[in-house]
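Subject: Structure handover

Hello,

Here is the structure you asked about. Please open it alongside these notes.

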Amino acid sequence: MRKNIVIIESASENGAGKRGASLGPSALVLESRAQGLGLFDNIEWTQCSEFNDFYNSNNENQHAKNAGSVYKALDALCTHTEKMVQAGHFPLVLTGDHSNAIGAFSGLKNAFPDKRIGAIWVDAHYDLHSPYTSPSGNIHGMPLNALIGDDNKEQQCNEVSESDKGYWENIKSLGNKQISPKINPEDIVFIQVRDFEKPEEHMAKKHNIRSFFPSEVNSKGITAVLEETLDYLSSCDMIYVSFDVDCQDTSISVGTGTPVPNGLNSEESQIVFDQLFNHPKVAAFEITEINPLLDTENKMAKAVLKLLTGVLN
C-alpha cells in the first residue's frame, strides 16, 4: 500500500448538467461505514471549497455554464493539490464532476513545473470540448481541452460571449499563468473512450492522441492495454490518472450523469486500479462523477468502494 496518501475532496458539481455529483465523495464514506470497513479512518481527508450554492446563478454564460463558480472551485483545488504534493503526499482526489480535473492536474503541474506529466484518462468521453464547440455548455466535458489549451476554433459552432471568453481564459491559465498549456497532447492516453462528438474526434485526430476504444480493449485485454499505455508514456516523469466512473459498463455505472454501454466490467476496472494506483510514476489518482441522486441503493459508490478496497488495504 502507498504511504502518505491524502484524500482531497472537491465536491464541486457546477461543471455538470445534473445535480448530485457533489454527494459522490460522502457516499463512499457512508458506504464504507455501513459495511464496517473503516477504509478511510487512517487516511488524512481534506476538503476544498466547492461553491455549489452558485449553481446556475449566472445564466449569461450559456457556453461555459457556471464558469465563475467552476473557476473558484478549480482555483481552490489547484492550490490545495499543489500544497499536498509539495509536502510529499500522494493525492487520492475524490471529485464531484469531471471539470475538477483541471484544478487537480494544474496543482500537480504547479508543484512540478519542469516535469513532463502525462495523463491516463479512463473515461467513456473525450472531454475535449471548449465553449466554442460544446453542445451543452457543461464544463465537465471540457477539462482536457482546457489543459491542452486548444480552443478548437476551426470546429467552432457557438458564438461565445465576452463573459464566457474571460472565464474560459482564466480556467485555462489556472494557477501559474506562465504554464500553459498544462500538458502535451502526446502525453495523454484514453482508455475505453466510446461516446463523443465530431469536434472532439477532430481534436483527438489533430493531436494524434492515443485512444484505446472498446474493441481494442476487448481484443488485447485490459492488462495488455495498461502495459502499452505505460510504455507509451515512458518518457513522462509522472502521470495523473483520472477514473470517471462512466468508463464502466452501464450494468455498473448506474449512479452517474452520462452512462454509456459497452464499458469496462468490474474485473477490468479492478485491474486498472491494481496496476495504476501503486505505480511509481503515478503522482495523483482521481475518481469522479459518482452521483447518488441518479442511483438506487448506493450501487455506484459500492462498486467504487470495492475497487478502492483492493488498493487501500
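At roughly what angle do the axes of helix α2 and helix α3 cross? The axes of α2 (residues 67–86) and α3 (residues 100–111) cross at roughly 40° and come within 7 Å. First, some ground rules. This is a predicted model, in which local features need pLDDT of at least 70 and side-chain atom pairs count only at pLDDT 80 or more, while totals for chains, interfaces and linings use all residues. Residues are numbered from 1 along each chain as its sequence is written, and side-chain values use heavy atoms, with hydrogens and water left out.

Helices (H or I, at least four residues) and strands (E, at least two) are DSSP runs, numbered from the N terminus. Axes are lines fitted to C-alpha atoms, for helices over the stretch in contact, and angles run from 0 to 180 degrees between N-to-C directions.

The α2 helix and its partners

α2 and α3 are therefore oblique to each other. (Angles under 35 degrees count as roughly parallel, over 145 as roughly antiparallel, 65 to 115 as roughly perpendicular, and the rest as oblique.) α2 passes α3 in a right-handed crossing. Right-handed means that the near helix is turned clockwise from the far one by less than a right angle; left-handed means anticlockwise.

Contact means heavy atoms within 4.5 Å. On the α2 side, the residues that meet α3 include Leu74, Leu77, Cys78 and Val85. Among their partners in α3 are Ile102, Gly107, Leu108 and Ala111. The residues of this contact divide into eight nonpolar, seven polar and one charged. (Ala, Val, Leu, Ile, Met, Phe, Trp, Tyr, Cys and Pro count as nonpolar; Asp, Glu, Lys and Arg as charged; the others, Gly among them, as polar.)

Take Val85, in helix α2. Val85 is buried, with a relative accessible area of 8%. (Buried is under 20%, exposed over 50%, partly exposed in between, with a 1.4 Å probe and protein chains only.) Leaving aside neighbours within four places in sequence, Val85 is in contact with Pro91, Gly107, Leu108, Ala111 and Phe112. Val85 and Ile5 are 80 residues apart along the chain, and their C-alpha atoms are separated by 10.0 Å.

α2 also packs with helix α5 (residues 162–172): the axes come within 10 Å and cross at roughly 15°. That makes α2 roughly parallel to α5. Here the crossing is left-handed. Ala67, Gly68, Val70, Tyr71 and Leu74 in α2 meet Tyr167, Asn170 and Ile171 in α5. This contact divides into six nonpolar residues, two polar and no charged.

The sheet

How many strands does the open sheet have? There are eight, in the order β2-β1-β3-β8-β7-β4-β5-β6, with parallel pairing. The edge strands, β2 (44–47) and β6 (210–212), each pair on one side only. Two strands pair if DSSP finds at least two bridges between them.

Six bridges link strand β1 (residues 5–10) to β3 in the parallel sense. Ile8 stands opposite Val93 in β3. α3 packs on the sheet, touching β1, β3, β4 (117–122), β7 and β8. The direction of α3 makes about 155° with that of β4.

Is strand β8 (residues 282–288) mostly covered or mostly uncovered? Mostly covered: seven of its seven residues are buried. Three bridges join β8 to β3 (residues 90–95), with Val93 opposite Glu286. Six bridges join β8 to β7 (residues 238–244), where Ile239 stands opposite Val282.

Best wishes
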